Amino acid sequence: MQSSAYGASLAGGAFDLASFVKQPQTILRFLSWIFSIVVFATITAEGYINPNDKQEANCMFNENDSACSFGVGIGVLAFLACVVFLMLDAYFPNISNAQERKYIVISDLVFCAAWTFLWFICFCVLTNQWTKTKAQNVYADAARGVITFSFFSVITWGLLTYFGLGKYRQGVTDFDQNYRDPTNDPNAPYQSSPYSSTSSVPGYQQSPFSNPQDPGAYQPPSY
């Protein structure tokens, strides 16, 4: 049986683009990538307004620049992370080391869980600030679009966390499952020690310098 680890064969194989695109995790990463672009691009392009009575442009969310900066930061990092993890997903079947796969799966799981939480915070902050905004009719479509896609990002990143957790729990499967430690197997035959001999003392061997003759007999020296 072919060994596998964390959802892919340890032997590796050729990259199949069709099957890779159809994977749920790939679809969710692509959607998360699109949603992040919509969020940070919309805030960057239309998120700052310049009222007539002020010279500096302020964030459209209750003129709170921190809210816009937070949304842009979360979106940009999510955009970059989706690109990196898509590349790792494509290269994942070619990694034959189970330990390296474990590190990738754990990194993916931790990042997705963290960004699910951060997107939720972003959604709550932007919604709260928008309800306090006075001139909502100016950039209503842009603000509602940012809030909507922030909420969609919570869903996609939450599903990515779910799939990452499933891959981590799957762990190493069909890997040495038939292996048995012979020291713990009661049916294994007993193997004698390589030092055993016919002597009554186990492991005893006669010295190569011992004299086979009787030590009590006197031997005159030869000249």
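The model is predicted: local features need pLDDT of at least 70, side-chain atom pairs count only at pLDDT 80 or more, and totals for chains, interfaces and linings use all residues. Residues are numbered from 1 along each chain as its sequence is written, and side-chain values use heavy atoms, with hydrogens and water left out. One disulfide is counted, and a search of the whole structure finds one cavity of 30 Å³ or more.

**Nonpolar core**

- The largest nonpolar core has 28 residues. Such a core is a set of buried Ala, Val, Leu, Ile, Met, Phe, Trp, Tyr and Cys residues joined through side-chain atoms within 4.5 Å.
- Buried means under 20% relative accessible area, exposed means over 50%, and partly exposed lies in between (1.4 Å probe, protein chains only).
- M60, F61, W119, L126, V146 and W157 touch the most other members of this core.
- Two or more core residues come from each of helix 2 (24-46), helix 3 (65-91), helix 4 (98-131) and helix 5 (140-170). Helix 5 gives the most, with eight residues. Helices (H or I, at least four residues) are DSSP runs, numbered from the N terminus.
- V146 touches V39, T42, I43, M60, F61 and L126, not counting residues up to four places away in sequence. Contact means heavy atoms within 4.5 Å.
- In soluble globular proteins, nonpolar side chains tend to be buried together.

**Cysteines**

- C59 is joined to C68 by a disulfide, with an S to S distance of 1.8 Å. The criterion is a pair of cysteine sulfur atoms within 2.5 Å.
- The link of C59 and C68 is right-handed, with 70° about the S-S bond. Both C59 and C68 are buried.
- C82 has its closest cysteine sulfur in C112, at 8.0 Å, which is too far for a bond. C82 counts as buried, at 1% relative accessibility.
- For C124, the closest cysteine sulfur is in C122, 9.3 Å away and too far for a bond. C124 is partly exposed, at 32% relative accessible area.

**Cavity and R29**

- The largest cavity has a volume of about 50 Å³. On a 1 Å grid over the protein atoms alone, a cavity is a set of points where a 1.4 Å probe fits but cannot get out; lining residues have an atom within 4 Å of a point.
- R29, F85, L88, D89, F92, I104, V105, D108 and K167 line this cavity. Helix 3 and helix 4 are the elements that give two or more residues to the lining.
- R29 lies in helix 2 and is buried, at 1% relative accessibility.
- Beyond its neighbours within four places in sequence, R29 is in contact with C82, F85, L86, D89, D108, C112 and L160.

**Second largest pocket**

- The second largest pocket has a volume of about 190 Å³. A pocket is an open set of grid points with protein on both sides within 12 Å along at least five of seven lines.
- Ten residues line this pocket, and I49, E63, T133, K134 and A135 lie nearest its centre.

**I43**

- I43 is in helix 2 and is buried, with a relative accessible area of 0%.
- I43 and G71 are 28 residues apart in sequence but 7.6 Å apart in space, C-alpha to C-alpha.
- Leaving aside neighbours within four places in sequence, I43 is in contact with Y48, C68, G71, V72 and V146.

Terms used:
Grid points are joined across faces, edges and corners, and a volume is the space filled by probe spheres set on the points.
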